[in-house]
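I opened the model today to look up a few things. My notes follow in the order in which I took them.

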Amino acid sequence: MKILVCITHVPDTTSRIAFTDGDTKFDKNGVQFIIGPYDDYALARAVELKEQSGGSITVLNVGEAETEPTIRKALAIGADDAIRINAFPEDALFVAKQIAAVAKDGGFDLILMGRESIDFNGGQVHGMVGELLGIPSVSPVMTLDIDGDTAKISREIEGGKEYMELPLPFVAGCQEPIAEWKIPNMRGIMSARTKPLEVKDPTGDAPKTKVSKFELPPAKGDVKLVDPDNMDELVNLLKNEAKVI
Amino acid sequence: MSAEKRNFVDEFESPDFYALDDLLTEEHKLIRSSVRDFVKKEITPYIEDWAEKNHFPEEIVKKFGEVGAFGPTIPTEYGGGGLDYTSYGLIMQEVERGDSGMRSTASVQGSLVMYPIYAYGSEEQKKKYLPKLASGEMLGCFGLTEPNHGSNPSGMETHFKDKGDHYLLNGAKMWISNSPYADVAVVWAKNEEGRIHGLIVERGMEGFSTPETHGKWSLRASCTGELVFSDVKVPKENLLPGKSGLGAPMGCLDKARYGIAWGAIGAAMDCYDSAKRYSLERVQFGKPIGAFQLVQKKLSEMLTEITKAQLLNWKLGKMMDEGKATTSQISMAKRNSVEVALNIAREARQIHGGMGITGEYPMMRHMMNLESVVTYEGTHDIHLLILGAEITGIPAFK
Ligand SMILES: Cc1cc2nc3c(=O)[nH]c(=O)nc-3n(C[C@H](O)[C@H](O)[C@H](O)COP(=O)(O)OP(=O)(O)OC[C@H]3O[C@@H](n4cnc5c(N)ncnc54)[C@H](O)[C@@H]3O)c2cc1C
Ligand SMILES: Cc1cc2nc3c(=O)[nH]c(=O)nc-3n(C[C@H](O)[C@H](O)[C@H](O)COP(=O)(O)OP(=O)(O)OC[C@H]3O[C@@H](n4cnc5c(N)ncnc54)[C@H](O)[C@@H]3O)c2cc1C
């Protein structure tokens, strides 16, 4: 089975978030970058599927050269080769077109992504890629098993779960508990040194959206602790100071 | 045994005050973060419980093998990692940030068992033992110290006689890390001419036993014991042919001491990190205690010492890669790191006040562990004598 895993290069979840250039650009200063946590689940499941039934895993990232350490990590975890589309990932449709261009003639049986990126949380790329390739796209996928040409998946839906069967190939946006994150081991890191990482030029498509401004949520105010025996004080504060009741 | 899992706040930040990460490659950083994630998942949540119960988690051996913590510098053809010494140092730093006992298990296996087999062993010995030691299928131990000979191993009494088709080994070793669980032991013993050789002794050989040493207040999650040999018949092919004399075990100690230099700073970083966080959270006299000058002095000195040690370790790693590091340079780094770590553990414990003596925080465990680390692999004072002999040309051991 040939699996394509699309990974993002995103700030670590504990990073302090700030913006520059008149609040239009994310400030990368001092930020640690990681594989998108949902993409990491997708990759972990791909490694498990490969362990079960053989095949190969290609990881793909649309990003500039700075994302290569993140791609190397994916190779250390167990991907066989990697492609980087050398472009700044401006918007979801632009990214989806890049992915679709790679996938179109790639002969992949499965295209795994995260349910959403954790930097801009669009949750759109998988749907767009499915549409561009004319194949099904499902998300968020919580379990995924392959039986011949068919996949059995389960999906989280409002207030419950949905069980589905669908033919290969398709696109899946993954989330836990599809697999447990894999920690690269030293042998994996060593072998990642020599695994191929191909850099490709982007398609001619231009990004169609433009960020006008980012805004951080308002800073948290001071916390007041109220003694559990002093309910009157709590009601008074909620009513007169916080003005929420 | 099922261990109690504790959920610690683990927002550990590796102090890098002098941007020394610039001296590392992307691969080094990936190695560090991978081992850090491993320790966070497999060691940190359980270690206080293991230490409290004096329990060696046998299952960690396979896990260390899987992640690649055993023999990272041994070539891949023998199952090792084929990595450089900086990588090895970073692995030890992260494992010891978790616990010195866990690091001891890994450094004994890598530097004191795999290394002598790799450097002094025959091709058959390498093929037979190294891949299984690397994967954690086998656990090894290193027997040098004896009841009557610690700092002065050349006085060892353990000896073997050539009996034609085998050697007959007699004697006893003491303070041997991993021994009660070990499948193989690299044992240093004298032949009939009094020359020291290494022998590979396997569990199950008649007359060989490994009683556990009880009552340790230090390295409680690492298992320590004796090696007792009474008329053990050791096959001749189990003698390490490549090197003999005291220099052979000393060559192994150089590698292990190098790993300790990095490891102890891992323990120091863990204590510093906890102290830094606590000093900002704990309020006394209406302010976080980190606002007081005396607490700031402690934190400033900790960070200074960690930074100096990081530089020393990094440069030593480069010299190890080039094959230029000397025993006395390694002594300096081992001794410095352990002293720094012990001082930081004590100061960090004080910053935590009464809370600092409990297992809610790691300092007491690190501090007690470090009392072994300051003693084994050459005591603190023996390293001074090694440096003193280097400086003056006059050995003061005897
Ligand atoms: C307004 C805006 C500003 C941006 N600014 C930056 C920036 O400053 N720096 C920067 O690095 N990126 C930037 N991006 C790109 C962003 O990180 C995403 O890569 C991309 O836009 C898709 O975003 P999304 O939230 O719609 O993805 P989603 O649809 O939430 O992603 C779903 C899945 O698609 C896949 N995927 C998404 N993006 C990529 C990709 N680039 N390569 C491979 N697979 C991918 C992943 O598997 C992901 O889990 C920006 C995006 C937007 C929308
Ligand atoms: C937990 C633990 C694990 C260990 N694991 C191993 C292992 O796996 N394999 C192994 O072979 N050994 C191991 N050891 C043994 C360790 O290496 C010895 O304890 C160490 O070498 C010191 O020997 P000793 O305990 O006999 O102390 P001694 O040599 O008796 O020293 C006692 C004191 O005298 C001082 N001293 C001795 N000689 C001099 C001198 N010439 N001048 C000044 N001061 C001197 C020492 O510095 C020390 O302070 C371990 C020890 C511990 C505690």
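Predicted model: local features only at pLDDT ≥ 70, side-chain atom pairs only at ≥ 80, totals over all residues.

**Entry 1: the records**

I computed 73% helix and 0% strand over residues 25-137 of chain B. The end C-alpha atoms there are 31 Å apart.

**Entry 2: where the chains meet**

I asked how many residues of chain B are in contact with chain A. The contact takes 17 residues of chain B and twelve residues of chain A. On the chain B side, α1 (26-42) and α3 (60-67) are the elements that give two or more residues. α1(B) gives the most, with eight residues. I sorted the chain B side by class and got six nonpolar, five polar and six charged residues.

**Entry 3: domains of chain B**

I have chain B divided into domain 1 (20-135), domain 2 (140-238) and domain 3 (247-392). The centres of domain 2 and domain 3 of chain B, taken over C-alpha atoms, are separated by 30 Å. Their contact takes ten residues from domain 2 of chain B and nine residues from domain 3 of chain B. The domain 2 side of this contact has seven nonpolar, three polar and no charged residues.

**Entry 4: ligand 2**

Which domains supply the shell around ligand 2? I found that domain 2 (140-238) and domain 3 (247-392) of chain B each give at least three residues. The shell holds 21 residues, and the closest are Leu144(B), Thr145(B), Gly150(B), Ser151(B) and Thr379(B). I traced the elements too: β1 (140-143), β3 (166-177) and α11 (380-392) of chain B each supply at least two residues. By class, I have eleven nonpolar, nine polar and one charged residues around ligand 2.

**Entry 5: a bent helix**

I checked helix α5 (residues 100-120) of chain B and found a bend of about 35° at Met114(B). A proline, Pro116(B), follows within four residues. Is α5(B) buried or exposed? I count 20 of its 21 residues as buried, so α5(B) is largely enclosed by the rest of the structure.

**Entry 6: two single residues**

I looked up Leu20(B), which sits in the segment before α1 of chain B. Leu20(B) has 15 other C-beta atoms within 10 Å, so I class it as partly exposed. Leaving aside neighbours within four places in sequence, I find Leu20(B) in contact with Gln310(B), Leu311(B) and Trp314(B). Leu20(B) and Leu311(B) are 291 residues apart in sequence, but 7.6 Å apart in space, C-alpha to C-alpha.

Ser300(B) was next, in helix α8 (residues 293-321) of chain B. I count Ser300(B) as exposed because it has 11 C-beta neighbours inside 10 Å, and exposed means 12 or fewer.

Key. Residues numbered from 1 in each chain as written. Chains lettered and ligands numbered in written order. Near = placed C-beta within 6 Å. Nonpolar A, V, L, I, M, F, W, Y, C, P; charged D, E, K, R; others polar. Domains from an automatic or database assignment. Contact = placed C-beta atoms within 7 Å. Bend = angle between axes of the 7 residues up to and from the residue.
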